[in-house]
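Hi,

Here is the structure I promised to pass on. My notes on it follow below.

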Amino acid sequence: MDSGSVGSAKDLANLQHEVGALAKRQSDLEDVVLEIMERLETGQARVSEMTARRDDAQHSLAEAESRRDAAQAEIDAEAEKVTRERAAIAAVIPADLLKLYTRLRDTQGGTGAARLYQRRCEGCRVEFATADLRTIRAAAPDEVVRCENCSRILIRTSDSGL
Ligand SMILES: [Zn+2]
């Protein structure tokens, strides 16, 4: 256009129109590029935030798993110790008494023997009448005394209230 090589005024007008349209198109495309870049930045910020949250969650999970494993190891060690102690005690208990205890434990919700504490069976919480306490008091120290109510073996102590 500047060199005057375009022949007709009509061609020149067409060319000017085309240049105007292209400039408008370029401006529109630049706006689109800007909008896309803004969306990209927003998306990248969101990715960073979510990545940080995921890392935090993974860290928390690892800590919780570590605590769980430590607790499990403690429980396993305790269970092993208790099992050993029980075996040692069971070995010196007369077989018929152990059999009775085991049967009661299995039928009485896991507790085959209960402490007699202040005139009360700690297995079923029943308080004994004076006559029952008299019978229990009269029993020999090595006699197996049982609760009239729940049948559990009663463990007599100095706090039994006898
Ligand atoms: Zn009882």
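Ser151 is partly exposed, at a relative accessible area of 28% (partly exposed lies between buried, under 20%, and exposed, over 50%, with a 1.4 Å probe and protein chains only). Ser151 is not a glycine, yet its phi is positive, about 75°. It sits in the loop between helix H3 (130–138) and S3.

This is a predicted model: local features need pLDDT of at least 70, side-chain atom pairs count only at pLDDT 80 or more, and totals for chains, interfaces and linings use all residues. Residues are numbered from 1 along each chain as its sequence is written, and side-chain values use heavy atoms, without hydrogens and water.

Gln118 also has a positive phi, about 50°, and is not a glycine. Its loop runs between strand S1 (113–117) and strand S2 (120–121). Helices (H or I, at least four residues) and strands (E, at least two) are DSSP runs, numbered from the N terminus.

Now the largest pocket. It holds about 220 Å³ of space. A pocket here is an open set of points on a 1 Å grid over the protein atoms alone, where a 1.4 Å probe fits, with protein on both sides within 12 Å along at least five of seven lines; lining residues have an atom within 4 Å of a point. The volume is the space filled by probe spheres set on the points, which are joined across faces, edges and corners.

The lining includes Arg86, Ile93, Tyr101 and Ile153. Helix H1 (9–92), helix H2 (95–107) and strand S3 (153–156) each give at least two lining residues.

Best wishes
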